[in-house]
Every structure is written in structure tokens, then in C-alpha cells.
Amino acid sequence: MQPSEIAPRDRLIVALDLPSVEAAETMIGRLGDAVTFYKIGYQLAYAGGLPLIGRLADRGKKVFIDLKLHDIGNTVARGVESIARTGATFLTVHAYPQTMKAAVEARGPNLKILAVTVLTSYDDNDLHAAGYRLNVSDLVEARAQQAQVLGVDGLVCSPEEAAHLHKIVGHQMRLVTPGIRPAGAATGDQKRIMTPGRAIAAGADYLVVGRPVVEAADPRAAAEAIQAEISQALV
């Protein structure tokens, strides 16, 4: 699928970063048909949220499982096989070569593997403190190149890196960007952020938005405002 073939409303992925399945179901109900794509991460997955994947798929929704797998190859492969059977669309793994290789080989025909380059809460100082010699931009570039060679389907990256990454990997790999904050929204713990319109203009294919939607007084209106900004940026 070319980027131009992705429907504007499908480009918004709402992160269900909520403490229970009941809270997630309530939010899904409030958002209704305004949202087509959801993310389930650690908080909800470990609160019993994985069965939601099938229920959302039955409603015609897409699901992004954000578990950032990283382990020995066999363990990663078995985990990917299990997720592939749930009907999920995307699954994240950390962008280490052995991990990416195992995930790609185990994904099956429908699951897409996304490699996490560098977490959007990290800056150069955080990488150096963790023992990396490279800065953020250099490490993102190196991992993107490795991911492409290994056949990974897409990358999770900061929106500020999207334009540069498209120059490296072309437009066959999907770029999924967290760290999206509408103008005036609190940044929270994110350090490399961008507004929805600017992120799309920079080359992001999908935008992951959590707190600005699920903590809004009117979540549906918040989601629709982001989708309108996405559509405007695509004109």
C-alpha cells in the first residue's frame, strides 16, 4: 500500500493507555465510528486487555499491539506467532538485528512488524547515560537501515525524524509516530514531539495519540479535530 492509499481517518491511532478493560471499552464506545485504529500497550495488555484485539477486529477496527518485544530469537518468534493469531495489524519490537530477524520470520501473512528505533522520550543525554556512543539521529538512521535490510514492515520514530527516514528507506516502510501533541496540549514525558499537521507534512504515515484524546473532556471531538488536521495536511 502506498502512503496515498491510506485513508486519512485510518492514520490516527488512539492509544488505549487505560487501567482496565472496562475503561477501554467505555472509551471505545465514546469514540464510536470516529476512530478506526487503536493501540494496546503495556498498561492495558497487562490488565487483561489482549482479548480486546479480537473484539475490536470483529467490529472492523485495526489494532496496534505495542509490546516492544526484545529477547532471544526463539522467544521473540514464539511471541510473534501468538500475536499473529489474534488478528492484530501492527506489533512493535525493539530494533536489534536478532530481534527484528526473528519477528519478521514469524509474523505470518497479515501481521506487520514495526521496529522501535529510539524511544521518543529519549534525547542524546539519555542515550549517553545508557551507554550508547551514538546520538539519537545517528542511532535512528543505523537502526532504520538494518530494519529495511531485514524486511521489517515499518518504523516507530519521532515525527521530527520522518522526513529524513523516508530519504533512507523510501516509502515502502510505514512510519508510525508517537510524540504527537495538538497545539496547546501538555508534552508530558515526551521530548521529541510535533503537532499532527506538521507530523503528516513531515512524512509520518500514522500518528499515535493517547492522552490528548483519552483524557479530553470530549474524546470524540478531540479525535475528530486531529483527523481534520491530518486531512488538511494531506491536501
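How many helices and strands make up the secondary structure of the chain? The model is a predicted one. Its chain comes to 11 helices and eight strands.

Take the overall form next. Along the principal axes, the C-alpha trace spans about 45 × 35 × 35 Å.

Now look inside. Of the 235 residues, 50% count as buried. Then consider the contacts between residues at least 6 apart in sequence. Of these, 64% join residues at least 24 apart.

Now zoom in on two helices. Helix H7 covers residues 136-150, and helix H8 covers residues 162-169. They pack at an angle of about 40°, and their axes lie 10 Å apart. Why is H7 called oblique to H8? The reason is the angle of about 40°: angles under 35 degrees would count as roughly parallel, and roughly perpendicular starts at 65. H7 is therefore oblique to H8. The crossing of H7 past H8 is right-handed.

Which residues meet there? H7 brings Val140, Glu141, Ala144, Gln145 and Gln148. H8 brings His164, Leu165, Ile168 and Val169. By class, the residues of this contact divide into five nonpolar, three polar and one charged.

Key:
Residues are numbered from 1 along each chain as its sequence is written. This is a predicted model: local features need pLDDT of at least 70, side-chain atom pairs count only at pLDDT 80 or more; totals for chains, interfaces and linings use all residues. Side-chain values use heavy atoms; hydrogens and water are left out. Axes are lines fitted to C-alpha atoms, for helices over the stretch in contact, and angles run from 0 to 180 degrees between N-to-C directions. Helices (H or I, at least four residues) and strands (E, at least two) are DSSP runs, numbered from the N terminus. Angles under 35 degrees count as roughly parallel, over 145 as roughly antiparallel, 65 to 115 as roughly perpendicular and the rest as oblique. A crossing is left-handed if the near helix is turned anticlockwise from the far one by less than a right angle, and right-handed if clockwise. Contact means heavy atoms within 4.5 Å. Ala, Val, Leu, Ile, Met, Phe, Trp, Tyr, Cys and Pro count as nonpolar, Asp, Glu, Lys and Arg as charged, and the others, Gly among them, as polar. Buried means under 20% relative accessible area, exposed over 50%, partly exposed in between (1.4 Å probe, protein chains only).
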